[in-house]
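Q: Hi! Could you walk me through this structure before I set anything up?
A: Happy to, let's take a look together.

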Amino acid sequence: MKNTIVILLLFAFIVATAPFYSVAKKQGGPLSNPPKPGDPVWEAGMFGAYFSNALYPASADSQHKILPVPFFIYRGEYLRVGDDAIVRAVAVEKERIKVDLSLAGAFNSSSSDSAVRSGMPDLDFLFEVGPEVSFRLDDPGDSDDSEMWLNLQLRSVFSTDFGGVDHIDHRGYVFEPEISWESEDFGYPDLTLYLSAATLFASEKTHDYFYQVAPEFVTDDRPAYDASSGYLGSKFAMSIKYEYDDDLTFFAGARLGMWSGSASEDSPLYQKSLTYGLGLGVKWRLLVSEQKVK
């Protein structure tokens, strides 16, 4: 039971911060700045977030979440938590190329909240894990305040209802090439702007999870549908971060999903070609280590 609670809290933290990480992975995400000499090796505190988002890609229905969770940041040489990514195992980190392992997640949604999915199984919590290779597109010598990266991400997708190990199901793979850009002190001291654009391609099992209609769930308004692999959609994201002081940081973010041309566009569960999400957050740092990054 205790292990389940710990895992649930960690996952809640991951999905609560995911709207901000999606546009800030190269330079610290929502919880921290890039690790610099003199930064504490670890820090901890509270992170509160509100966000709204579509129940699933191309859904006409949205969900709203308010979630306060503890956070922990660790800035190790090869392992980082909450710094540069949610969880990151650093394999290669050079001025113009980075190779690492990262983690992402998404909240569950109830089919009772979606008329088009009524009577179908709920969508469980999703988490994704896989390698990421990043190439810097601009010249590191051009500016100390902005960076542009091409991030090539291949992740394995899993779903779970936290009922145990046997309740974890593999849901295929997602390939997500992304261009991200950030600028520090953007028009105002301590204000950072993040932008990103990504295209998603998914395996058949991933499309099945969102769009397949098995014979037992067919209704007069919901014909059977067999999904296939291919293009899933594109995402555009923006977020801002304002560092009020060393301990208090505020965040706001928005995401736009464009699903037109999806391989599953003919599914009866595909409803909208354009969806959006919003997020607000605040980080309050309470504890820091005496040991500093060298």
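**Strands, rings and cores**

A: Let's start with a strand pair: strand β11 (residues 248–258) and β12 run antiparallel and share 11 bridges. Within that pairing, Arg255 has Gly277 of β12 as its bridge partner. One caution: this is a predicted model.

Q: Thanks! How many helices and strands are there in the chain?
A: The chain has 2 helices and 12 strands. Along the sequence, the order reads α-β-β-β-β-β-β-β-β-β-α-β-β-β.

Q: And what does β1 pair with, and in which sense?
A: β1 pairs in the antiparallel sense with strand β12 (residues 274–288), over 10 bridges. In that pairing, Phe47 is bridged to Lys283 of β12. Strand β1 (residues 42–54) also pairs with strand β2 (residues 62–75), again antiparallel, over 13 bridges. There, Phe51 has Lys65 of β2 as its bridge partner.

Q: Which strand pairs with β2 over 2 bridges?
A: That is strand β3 (residues 79–81), in the antiparallel sense. Tyr74 stands opposite Val81 of β3.

Q: Let's switch to rings. How many aromatic pairs does a search of the whole structure find?
A: The search gives 12 aromatic pairs. In one of them, the ring centres of Tyr56 and Tyr211 are 6.3 Å apart and the planes meet at 75°, so this pair is edge-to-face.

Q: Where do Tyr56 and Tyr211 lie in the chain?
A: Tyr56 is in the loop between β1 and β2, while Tyr211 belongs to helix α2 (residues 204–211), so the pair ties together parts that are 155 residues apart in sequence.

Q: Are those two buried or exposed?
A: Tyr56 counts as buried because its relative accessibility is 3%, and the cut-off for buried is under 20%. Tyr211 is buried too, with a relative accessible area of 0%.

Q: What about a stacked pair: which residues form one?
A: Phe127 and Phe158 do, at 5.3 Å centre to centre with 15° between the planes. Phe127 sits in strand β6 (residues 125–136) and Phe158 in strand β7 (residues 146–160), so this pair links distant parts of the chain, 31 residues apart. Phe158 is partly exposed, at 22% relative accessibility.

Q: Which residues form one aromatic cluster?
A: Phe51, Phe107, Phe125 and Phe162 do. Phe51 is the residue bridged to Lys65 of β2, and Lys65 lies over the face of Phe107, at 5.1 Å from the ring centre.

Q: Nice. Which residue lies over the face of Tyr56?
A: Arg117 does, 5.8 Å from the ring centre.

Q: On to packing. Which residues have the most contacts inside the largest nonpolar core?
A: Tyr56, Phe210, Tyr211, Leu232 and Leu269 do, in a core of 21 residues. β9 (191–202) and α2 each supply at least two residues of this core. The largest share, 3 residues, comes from α2.

Q: What is Tyr211 in contact with, leaving aside its neighbours within four places in sequence?
A: Its contacts are Tyr56, Pro57, Ala58, Tyr225, Leu232, Ser264, Ser267, Leu269 and Tyr270.

Q: Which residues does the second, separate core include?
A: That core has 11 residues, including Phe47, Val69, Phe71 and Phe125. Phe125 is also part of the aromatic cluster with Phe51, Phe107 and Phe162.

Q: Can you give me some totals for the chain?
A: Of the 294 residues, 46% are buried. The chain exposes about 14,300 Å², and carbon and sulfur atoms supply 60% of that. Among contacts with a separation of 6 or more, residues 24 or more positions apart account for 65%.

Q: Last topic, backbone angles. Which phi value does Asp185 have?
A: Asp185 has a positive phi of about 50°, although it is not a glycine. As background, most residues other than glycine have a negative phi.

Q: And where is Asp185 placed?
A: Asp185 is in the loop between β8 (168–183) and β9. It counts as partly exposed, at 44% relative accessibility. Asp190 is found in the loop between β8 and β9 as well, and has a positive phi of about 70° without being a glycine. At 38% relative accessibility, Asp190 is partly exposed.

Technical notes: Residues numbered from 1 in each chain as written. Predicted model: local features only at pLDDT ≥ 70, side-chain atom pairs only at ≥ 80, totals over all residues. Heavy atoms only, no water. Pairing = 2+ DSSP bridges. Helix = DSSP H or I, 4+ residues; strand = E, 2+ residues; numbered from the N terminus. Phe/Tyr/Trp six-rings, centres within 6.5 Å; stacked < 30°, edge-to-face > 60°. Buried < 20%, exposed > 50% of the residue type's maximum accessible area, 1.4 Å probe, protein only. Lys NZ or Arg CZ within 6 Å of the ring centre and 35° of its normal. Contact = heavy atoms within 4.5 Å. Areas by Shrake-Rupley, 256 points an atom, 1.4 Å probe, with all protein chains shown as cover. Core = buried A, V, L, I, M, F, W, Y, C linked by side-chain atoms within 4.5 Å.
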